[in-house]
Amino acid sequence: MYFTEEHHIFRKSFREFLQKEVVPHINKWEKDGTIERFIWEKFGEMGYFGLNQPEEYGGLNLDLFYTLIFLEELQRINSGGFAAAMWAHAYLNMSHLKAEASHEIKQKYLTPSIEGKKIGCLCITEPFGGSDVAGMRTTATKKGNTYIINGSKTFITNGIYSDYLIVSAKTNPKEKHKGMSIFVVDRTAKGISSTKLDKLGWRASDTAEISFDNVVIPAENLLGEEGKGFGYIMQHFALERLIMGINAHARAEFAVEYAIKYIGEREAFGTTINKFQALRHKIAEMASKVDMCKEYNYSIAKRLNDGVYVVKEASMSKLLSTKMADEVIYDALQLLGGYGYMEDYPMARMLRDSRIGSIGGGTSEILKEIIAKMVIDGKDYKPIIK
Ligand SMILES: Cc1cc2nc3c(=O)[nH]c(=O)nc-3n(C[C@H](O)[C@H](O)[C@H](O)COP(=O)(O)OP(=O)(O)OC[C@H]3O[C@@H](n4cnc5c(N)ncnc54)[C@H](O)[C@@H]3O)c2cc1C
């Protein structure tokens with residue numbers, strides 16, 4: 001009930017594009033830990049980075065279900081790292097540009113981002129702590145018509161290869177939430193250095209620690225208003241967390257489909273293993289869990305698309321969908337026996353890629369804190385950008 005004929009056509013063409021242009025390169029990118037630049041430009045040429053962006057800056061201004069299809073299909077090619085590099089660019093840094101940047105900054109960074117000519121990243125997490133966003137230590141000190149940024153960030157997706165960085169920093173270090181602002185920082189600015197981090201999964205994407213040593217940027221690179229950075233970050237978390245919930249149901253759905261196919265072909269004790277009741281019941285459970293999350297996520301996507309501020313629901317989506325995906329993928333791997341553990345089969349990569357779901361973009365513990373405040377204490381969060 002959420003998809004039109006146009007949505008289906010988009011899904012089919014994007015799926016074909018991924019099979020033709022991306023899948024042949026995935027193993028190499030997973031091994032190298034680098035995604036070659038040409039594919040960013042191809043995504044840009046096809047309009048995939050501008051699905052929800054205004055036409056004025058080169059976007060397509062489409063409803064959120066195109067984004068949802070984009071996310072689901074990216075999960076089905078089984079490289080969480082490639083998918084993360086793409087959706088982080090399109091929906092983390094670009095969400096800040098879309099909502100808070102001036103017309104001039106949009107022309108300079110948003111349009112080339114939509115075209116795939118400039119890659120961006122979002123730098124919030126710091127080595128001293130990520131969950132406590134307001135406790136960040138990076139500072140931006142106003143001097144004349146510039147800001148000078150000092151500090152460090154870590155675990156930043158696209159942190160090595162990005163051409164610009166959306167950076168949160170304290171403009172008033174004495175304040176917690178109210179002292180934070182958001183900036184766009186060009187990679188060419190002096191004093192930025194990045195170190196690539198090695199990690200369990202998402203191996204195709206680059207993840208970096210970044211330091212800012214007296215980095216001078218023009219004052220007009222402030223996004224939105226000074227002191228409102230925390231509110232902007234929290235507002236965009238609603239979409240980011242729903243994205244991570246959608247990603248989770250999509251990869252779990254792929255795992256179930258793969259497992260069903262596999263047990264229909266694999267034989268043991270003179271029959272295909274899909275005749276064993278233990279495995280059939282396992283699949284029944286897995287398929288039910290996927291469906292419950294998927295339908296919930298679709299309904300929240302609809303509400304977000306209609307302009308509802310879905311803080312609680314997006315937190316619930318990420319909390320339960322990522323847990324469900326870990327469980328389903330763990331079980332799917334079991335159904336493949338020893339082959340599940342082999343790199344030639346998809347479940348090994350999927351298992352390690354899935355594990356980030358309950359950590360990145362707000363850990364499950366932090367999501368439970370938000371949900372508990374809303375359902376127990378009756379706390380209400382209001383959007384800062386209307
Ligand atoms: C692969 C990868 C990609 C990432 N990409 C980005 C990115 O592009 N940009 C970006 O800014 N960040 C990114 N992150 C960072 C991610 O969002 C943080 O890792 C996450 O928010 C947790 O912060 P932390 O790692 O500092 O953990 P900590 O905050 O140190 O937490 C450690 C543990 O303590 C728990 N904890 C903390 N506070 C509480 C509390 N109040 N109550 C109960 N438990 C609590 C946490 O849940 C966790 O289990 C990425 C991380 C990874 C691993």
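Author: Before we start, a polar contact here is a pair of N or O atoms within 3.5 Å; within protein, one must be able to donate a hydrogen and the other to accept it, and residues adjacent in sequence count only if both atoms are side-chain atoms. This is a predicted model, in which local features need pLDDT of at least 70 and side-chain atom pairs count only at pLDDT 80 or more, while totals for chains, interfaces and linings use all residues. Residues are numbered from 1 along each chain as its sequence is written, and side-chain values use heavy atoms, with hydrogens and water left out.

Reader: Which backbone atoms lie by an oxygen atom of the ligand, say at I124?

Author: A backbone N or O atom of I124 is 2.9 Å from a ligand oxygen, and a backbone N or O atom of G361 is 3.1 Å from an oxygen atom of the ligand.

Reader: And what sits by a nitrogen atom of the ligand?

Author: The side chain of T157 places an N or O atom 2.8 Å from a nitrogen atom of the ligand.

Reader: How much of the ligand does the protein bury?

Author: The protein buries 65% of the 980 Å² that the ligand exposes when taken alone, with areas from the Shrake-Rupley method and a 1.4 Å probe.

Reader: Which residues come nearest?

Author: Among the 18 residues around the ligand, those coming nearest are T125, G130, S131, T363 and E365, where being near requires a heavy atom within 4 Å.

Reader: Which element gives the most to that shell?

Author: Strand β3 does, with 3 residues; β3 (146–157) and α10 (364–375) each supply at least two, strands being DSSP runs of E with at least two residues and helices runs of H or I with at least four.

Reader: Switching to packing, how do α8 and α10 cross?

Author: The axes of α8 (residues 311–335) and α10, which are lines fitted to C-alpha atoms over the stretch in contact with angles running from 0 to 180 degrees between N-to-C directions, come within 9 Å and cross at roughly 145 degrees.

Reader: Last one: where is the positive phi of about 60 degrees?

Author: That is F155, which is not a glycine and lies in strand β3.
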